[in-house]
Protein chains: 2
Amino acid sequence: MNRKISQLRIRMEASGIEGLIISNPINIRYLTGLEAEGYLLINENENFFVTDARYIEKVNSKLTIEDEIIAQDGKDLDQDDFLNFFNNAQKVGFEEDYVTYEKYQRILIKYRPKELVEASRIIENMRIIKSEDEIEKIEKACNITDSCYLHILDHIKIGMTEKQVALEIYDFFIKNGADGLAFDTIVASGENTSMPHAVPTNRIIKAGDPVLIDFGAKYKGYCADMTRTFFMQEISDEYKKIYELVKNVQEKALEKIKSGANGNEISKSVENEFSMNDYDLMHALGHGVGMEVHEKPILSPRINLDLQENMVVTDEPGIYIQGKIGIRIEDTILVKNMNSIPLTKSNKNLLIIS
Amino acid sequence: MNRKISQLRIRMEASGIEGLIISNPINIRYLTGLEAEGYLLINENENFFVTDARYIEKVNSKLTIEDEIIAQDGKDLDQDDFLNFFNNAQKVGFEEDYVTYEKYQRILIKYRPKELVEASRIIENMRIIKSEDEIEKIEKACNITDSCYLHILDHIKIGMTEKQVALEIYDFFIKNGADGLAFDTIVASGENTSMPHAVPTNRIIKAGDPVLIDFGAKYKGYCADMTRTFFMQEISDEYKKIYELVKNVQEKALEKIKSGANGNEISKSVENEFSMNDYDLMHALGHGVGMEVHEKPILSPRINLDLQENMVVTDEPGIYIQGKIGIRIEDTILVKNMNSIPLTKSNKNLLIIS
């Protein structure tokens, strides 16, 4: 059987659920590799993928006998097929964080499960630890992102707008083999950098501006996430000090990230270094990266986390002074037993573009 | 009070709900113009927008006294504030098609409403009839889409890939004042045109290919939706006949669309003309367009629909021969009392690019 579904079945047994209805397309792609609309149904003996005429041909050509997944056009199933599917299951799980209340009601009517229970992110919890194949895809997404950064440093000029830079990033990704953006690109300049979630505007990049770029490619469904902040033509001593502080804590945290380390303690030490300099850690230090750009786990002073081998997380401290400036440096990092491996490798030394 | 919320309150009264929890960001933007994360809460006397520190400043600068919306940072509210909010409401509505089962449970705990009831798309139903201001934005989105089509006709060449054409469309939109894409662009060439939901691939456009482009700009939150199919260098007599048939039924349907006409009957006559020529109407004839590219109403032989003034709908018949060809022609159309006004105006005559 498909290895990931076998692993899922072990977790289902441990959780005491005999059936599962999976409708989140990211979870379906994770478990099966399929990119098609439909539902993955798992009962005691079988794995069913219910889709429609638009996808059935593609789905059948992609699945192999080893997958042990039966694909069917929903039109070829009748009400009894659905009613029978979970006949032997006492508890059937569903994705409570994805399924709308309306769809939940439809599931009750369609399958009449004995007990419909929250699956409690059973698949999302599997996704925290990445396989070799997944790591390769994230690495490739990070490589494209690194190349794009070099391209942007070559092209960015005083007089360009934030939106123009964002468009250049998108174009580079598409032309260099990415699926597209892992998330909406942030290009912020000048005082706009002080908003952690800035949206690119028509603001013209000027001499003396800090420019913060938070971006990442998606490759075969996997995300990269990187932030760099640099300066146009000149930088004040005040900003230089902030930059060096952010860079210093980012690199120190990076060194501490490895299997067995505590995410909360690493985050706390960043928070301490910031507060010793009268700054706050305004947002979490980092988050998991995989098929979604924000997924489990979270690195934060207030969330307990034991890091494990083959987690992929970000390390992204930032300092923001409202209406003035924001400086953030972020890498996507692979957690290993003895150390951490940054998958985004772009230079972090203070850069002043002349 | 904000005019749209006043109208919503009339509908709430008619539906017998005294309170409403709105969390779908599209509905929030529709009612308030706000683009900020949060919840819009409506009770007997007040309209509350609960957001967070990231947005509160922007929100307060956007709202006017006439809006009669009180914006608050959720951090400044305590459990009692939420419990008191719907004190006088017997029935409180929520968006059952947007709220996940998990969030539904949280609403129950947070507000303890006497009765939490499905709002039954109360806002989506308002959105079916467009205001003058909304029509202007859709018109502008359609104008940008028309200009983009001319640009693509100028630029498309044998040897380009579908993906390159899609990227050119995206770039044109961004450089010409659009927010971005109204939806993922379809660029299909050759046999790929036979899939109604094709995704742009690296297939190289060749002489003799049909090219189908289904695309639309988004402008200030409003969508355009247009499809054109043209041919590279040459066309067979068989395809020419199909093209003329599709164009003919599309234009006939366009003439019938007006206030008081039946969407199902218009769709049936398209279906009849297709079946007289041994083709099927594989998908609906059209759908509403507004803040979402697919919204209510649906034009289909099997869905009863009385068209009303200031609905905006598409008219998009298509013929698909599996593994061979697909030809679709689509306009976004404003329904008026005496006639219909196509908002996308690009030429529909058979076009062979030499």
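So, do the copies meet through the same surface or through opposite ones, and what share of the interface residues of chain B are also interface residues in chain A? What we have here is a predicted model, with a chain A and a chain B.

Okay, back to the opening question. It's 100% of the interface residues of chain B that are also interface residues in chain A, so the copies meet through the same surface.

What does the contact itself look like? Chain B puts in 14 residues and chain A puts in 14 residues. On the side of chain B that touches chain A, two helices each supply at least two residues: α5, which is 101-111, and α8, which is 162-175. The largest share is from α8(B), with 4 residues. By class, that side of chain B has 6 nonpolar, 2 polar and 6 charged residues.

Now let's look inside one chain. Chain A is assigned two domains, domain 1 covering 3-127 and domain 2 covering 132-353. Their C-alpha centres lie 36 Å apart. How many residues does the contact take from each domain of chain A? Domain 1 gives 5 residues and domain 2 gives 6 residues. On the domain 1 side, the elements giving two or more residues are α2 (25-32) and α6 (122-127) of chain A. Of these, α2(A) gives the most, with 3 residues. That side of domain 1 has 2 nonpolar, no polar and 3 charged residues.

Nonpolar side chains tend to be buried together in soluble globular proteins. Here the largest nonpolar core has 185 residues, and the ones with the most contacts inside it are A:Ala141 and B:Ala141. Helix α8 of chain A, residues 162-175, gives the largest share of this core, 8 residues. So who sits around A:Ala141? Setting aside its neighbours within four places in sequence, A:Ala141 is in contact with several residues, among them A:Ala182, A:Gly216, A:Tyr219, A:Tyr222 and A:Cys223.

Last stop, a sheet. Chain A has an open sheet of 4 strands, in the order β8-β9-β12-β20, with mixed pairing. Which strands stand at the edges? Those are β8 (186-189) and β20 (352-353) of chain A; each has a single partner strand, so one side of each is left without a neighbour in the sheet. For β8(A), 4 bridges join it to β9 of chain A, residues 210-215, and the two run antiparallel. One pair to click on is A:Ser189, whose bridge partner in β9(A) is A:Val211.

Over in chain B, β8(B) is joined to β9 (residues 210-215) by 4 bridges, again antiparallel. There, B:Ala188 has B:Leu212 as its bridge partner in β9(B). And are the side chains of this strand buried or exposed? B:Ile186 and B:Ala188 point one way from β8 of chain B, B:Val187 and B:Ser189 point the other way, and all are buried.

How values were computed
Residues are numbered from 1 along each chain as its sequence is written. Chains are lettered from A and ligands numbered from 1 in the order in which they are written. This is a predicted model: local features need pLDDT of at least 70, side-chain atom pairs count only at pLDDT 80 or more; totals for chains, interfaces and linings use all residues. Copies are superposed by least squares on the C-alpha atoms of residues with pLDDT of at least 70 in both. Two residues are in contact if their C-beta atoms, placed from the backbone, lie within 7 Å. Two strands pair if DSSP finds at least two bridges between them. Domain bounds come from an automatic or database domain assignment. Ala, Val, Leu, Ile, Met, Phe, Trp, Tyr, Cys and Pro count as nonpolar, Asp, Glu, Lys and Arg as charged, and the others, Gly among them, as polar. A nonpolar core is a set of buried Ala, Val, Leu, Ile, Met, Phe, Trp, Tyr and Cys residues joined through C-beta atoms within 7 Å. A residue is buried if 20 or more other C-beta atoms lie within 10 Å of its own, exposed if 12 or fewer, and partly exposed in between; C-beta atoms are placed from the backbone.
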